[in-house]
Amino acid sequence: MEAYTKVVCILGLLIFVSISDIHRVEGAGECGRSTTPDNEAIKLIPCVSAAKDENVKVTKNCCAQIEKLGKNPSCLCAVMLSNTAKMSGADPKVAITIPKRCNLANRPVGYKCGPDFCSLHSSLR
């Protein structure tokens, strides 16, 4: 539990620093005009342990957040590839399995995340 608390505190600090470092405003990104992938990654704090180890049980709070983000596959991919996710120690190859581990019926299948990222096609079925 103490390690989880440390991860959450470090993640919060890193998120604060990354948000305060934004110097420009752009049009709508993968997650829309009102948010960024890094901001959406904050909502996935309940998923940190499950995104590091595929043997960790995925919590209901994590699944609820993944279900919301899964409605926009490009945003979900951007979140998984975000600096915030990387700084949390999440393993993209493990994180990409969370929608399947949550047993989400409407998870994106056949969608690919970025050129250097594992394919959702094989991981989310």
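Is Thr35 buried or exposed, and what is its relative accessible area? In this predicted model, in which local features need pLDDT of at least 70 and side-chain atom pairs count only at pLDDT 80 or more, totals for chains, interfaces and linings use all residues. Residues are numbered from 1 along each chain as its sequence is written, and side-chain values use heavy atoms, with hydrogens and water left out.

Thr35 is buried, with a relative accessible area of 17%, where buried denotes under 20% relative accessible area, exposed over 50%, and partly exposed the range in between (1.4 Å probe, protein chains only). Thr35 lies in the loop that runs between helix H1 (2-20) and helix H2 (37-42), helices being DSSP runs (H or I) of at least four residues, numbered from the N terminus. The side chain of Thr35 makes a polar contact with that of Glu40, at 2.9 Å; such a contact is a pair of N or O atoms within 3.5 Å, of which, within protein, one must be able to donate a hydrogen and the other to accept it, and residues adjacent in sequence count only if both atoms are side-chain atoms.

In helix H4 (residues 60-70), the buried residues are Cys62, Cys63, Gln65, Ile66, Leu69 and Gly70. Because they cover an arc of only 165° around the axis, they lie on the same side of H4, the arc being that of the directions from the helix axis to the C-beta atoms. On the other side of H4, Lys60, Asn61 and Lys68 are exposed.

Asn103, in the loop between helix H8 (98-101) and helix H9 (120-123), is exposed, with a relative accessible area of 66%.

Methods
Helices (H or I, at least four residues) and strands (E, at least two) are DSSP runs, numbered from the N terminus.
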